[in-house]
Amino acid sequence: MSEEHVHDFEVFRALVELEINRIERYKKSKTFSIAFLYAPNLAKEIEEKKPEGIDIVFKIKSHLRSTDIITPVEEDFVFLFFPETGKENVGKAIERIKKIFKDKEIIEGVASYPEDGKDKYQLFNKLVEIMNKKLIPVIELSSGDR
């Protein structure tokens with residue numbers, strides 16, 4: 001499996017900015033989406049490049065288009081970039097991904113341009129807002145189990 005569509009977070013951020021500029025300049029497409037997947041050690045398994053890490057990338061990529069980008073961050077997050085794709089279709093892709101990782105409790109969130117932000121700051125802020133809303137209760141619950 002080629003890692004040509006697995007990039008670090010700086011590349012991910014740059015792609016978001018470039019896509020906004022491209023849309024504003026050429027007016028061809030009107031939307032794109034960014035998303036996160038969270039599961040304990042999900043990104044760590046990818047980053048360590050063990051056979052199961054490559055397998056995770058392959059499984060995720062098999063449910064995405066060749067233009068979509070995968071970005072592992074920290075140990076638990078994978079960010080996804082979906083050019084020319086609205087929330088509804090991203091939701092369908094994420095549901096397909098979640099079905100193949102039944103052994104992982106995946107939490108996801110999606111933000112779309114321009115619906116959730118008209119620039120990269122608004123878009124990332126919306127994604128962070130979604131992350132906080134979905135993940136803080138999970139973190140608090142797991143802290144209470146100790």
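**Helices, sheet and a buried serine**

Helix H4, residues 87-100, lies across S1, S3 and S4 and runs at about 160° to S4. This is a predicted model.

Now step back to the whole chain. The protein has 5 helices and 4 strands. Read from the N terminus, its elements run α-β-α-α-β-β-α-β-α. Of its 146 residues, 42% count as buried. Among contacts with a separation of 6 or more, 71% join residues 24 or more positions apart. The accessible surface comes to about 8600 Å², and carbon and sulfur atoms hold 53% of it.

The sheet comes next. It is open, has 4 strands in the order S2-S3-S1-S4, and pairs in antiparallel fashion. S2 (69-73) and S4 stand at the edges with a single partner strand each, so one side of each has no neighbour in the sheet. From one strand to the next, the twist averages 20°.

S4 pairs with S1 (residues 32-38) in the antiparallel sense, over 7 bridges. One of the residues involved is Phe32, whose bridge partner in S4 is Tyr113.

Ser112 also sits in S4, which spans residues 107-113. Is Ser112 buried or exposed? Its relative accessible area is 1%; buried means under 20%, so Ser112 is buried. Its side chain makes a polar contact with the side chain of Ser33, at 2.5 Å. Beyond four places in sequence, Ser112 touches Thr31, Phe32, Ser33, Gly86, Lys87, Gly117 and Leu123.

Terms used: Residues numbered from 1 in each chain as written. Predicted model: local features only at pLDDT ≥ 70, side-chain atom pairs only at ≥ 80, totals over all residues. Heavy atoms only, no water. Helix = DSSP H or I, 4+ residues; strand = E, 2+ residues; numbered from the N terminus. Buried < 20%, exposed > 50% of the residue type's maximum accessible area, 1.4 Å probe, protein only. Polar contact = N/O pair within 3.5 Å; in protein donor to acceptor, adjacent residues only side chain to side chain. Contact = heavy atoms within 4.5 Å. Areas by Shrake-Rupley, 256 points an atom, 1.4 Å probe, with all protein chains shown as cover. Pairing = 2+ DSSP bridges. Axes fitted to C-alpha atoms, helices over the stretch in contact; angles between N-to-C directions.
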